[in-house]
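Subject: Handover of a structure and notes on what was found

Dear colleague,

Please find the structure below, together with its sequence.

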Amino acid sequence: MADVPPSTDAKRVMIVDDDDDLRETISDVLTSHGYVVSEAGDGATAMAVLQKSASLPQLILLDLVLPDCDGFEFRTRQLAERSLAAIPVVVLSGSGDIAAISAVLRVKGYLQKPFEPRTLLAAVERHWPSTG
């Protein structure tokens, strides 16, 4: 988790990916651009963090292939939780037809791995929830 305390106007993103290095890289890119980042290495941990969080993320970056609770199960659980269902998700994946998978999961968008930092930032901004 980032050391920056969340504020009411902070742009909060959660990264759910089991690749520690990739999660750290994504976190570094986002925090250097003013985002407050929370992280989880699997879907079960992500759900636990979300359920006890006082400041929910405004966007979730979700890998599909995760230990214990994969991205599909996480998304199913997220959609079932009324307080979490509206948080938009962008899928990060290097396998399969992620465009089709993303449609089935009802996510906001997707980003094919590997990706460049500028592509990540563009995707986050493109899929950022509108405020009105």
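Predicted model: local features only at pLDDT ≥ 70, side-chain atom pairs only at ≥ 80, totals over all residues.

The largest nonpolar core has 19 residues. Those with the most contacts inside this core are Met14, Val16, Ala46, Leu50, Ile60, Leu62 and Phe74. At least two core residues come from each of strand 1 (11–16), helix 2 (43–52), strand 3 (59–63) and strand 4 (89–93). Helix 2 is the element that gives the most, with 4 residues. Another core, of 18 residues, lies apart from the largest one, and among its members are Leu30, Leu59, Leu92 and Val124.

I turn next to two helices. How do the axes of helix 1 and helix 5 cross? Helix 1 (residues 20–31) and helix 5 (residues 117–127) have axes that come within 10 Å and cross at roughly 65 degrees. Because angles from 65 to 115 degrees count as roughly perpendicular, helix 1 is described as roughly perpendicular to helix 5. The crossing of helix 1 with helix 5 is right-handed. On the side of helix 1, Ile26, Val29 and Leu30 take part in the contact, and they meet Pro117, Leu120, Leu121 and Val124 of helix 5. By class, this contact has 7 nonpolar residues, with no polar and no charged ones.

Serine 38 belongs to strand 2 (residues 35–40). Is serine 38 buried or exposed? Its relative accessible area is 12%, and buried means under 20%, so serine 38 is buried. Serine 38 and valine 124 stand 86 residues apart in sequence, and their C-alpha atoms are 15 Å apart in space. Serine 93, in strand 4, is buried at 2% relative accessibility. Leaving aside neighbours within four places in sequence, serine 93 is in contact with Asp63, Leu64, Ile98, Leu111, Gln112 and Lys113. Serine 102 lies in helix 4 (residues 98–105) and is buried, with a relative accessible area of 4%. With neighbours within four places in sequence again set aside, serine 102 is in contact with Val91, Val107, Gly109 and Tyr110.

Leucine 56 sits in the loop between helix 2 and strand 3. Leucine 56 is partly exposed, at 24% relative accessible area. Not counting residues up to four places away in sequence, leucine 56 touches Arg12, Leu50, Ser83, Leu84 and Ile87.

Finally, some details of the backbone. Lysine 113 and proline 114 are joined by a cis peptide bond, with omega about -10 degrees. Proline 114 is in the loop between strand 5 (109–112) and helix 5. Aspartate 68 is not a glycine, yet has a positive phi of about 65 degrees. Aspartate 68 is located in the loop between strand 3 and helix 3 (71–80) and is exposed, with a relative accessible area of 72%. Arginine 106, also not a glycine, has a positive phi of about 55 degrees. Arginine 106 lies in the loop between helix 4 and strand 5 and counts as exposed at 57% relative accessibility.

Yours sincerely,

A colleague

Conventions: Residues numbered from 1 in each chain as written. Heavy atoms only, no water. Core = buried A, V, L, I, M, F, W, Y, C linked by side-chain atoms within 4.5 Å. Buried < 20%, exposed > 50% of the residue type's maximum accessible area, 1.4 Å probe, protein only. Axes fitted to C-alpha atoms, helices over the stretch in contact; angles between N-to-C directions. Parallel < 35°, antiparallel > 145°, perpendicular 65-115°, else oblique. Left-handed = near helix turned anticlockwise from the far one by under 90°. Contact = heavy atoms within 4.5 Å. Nonpolar A, V, L, I, M, F, W, Y, C, P; charged D, E, K, R; others polar.
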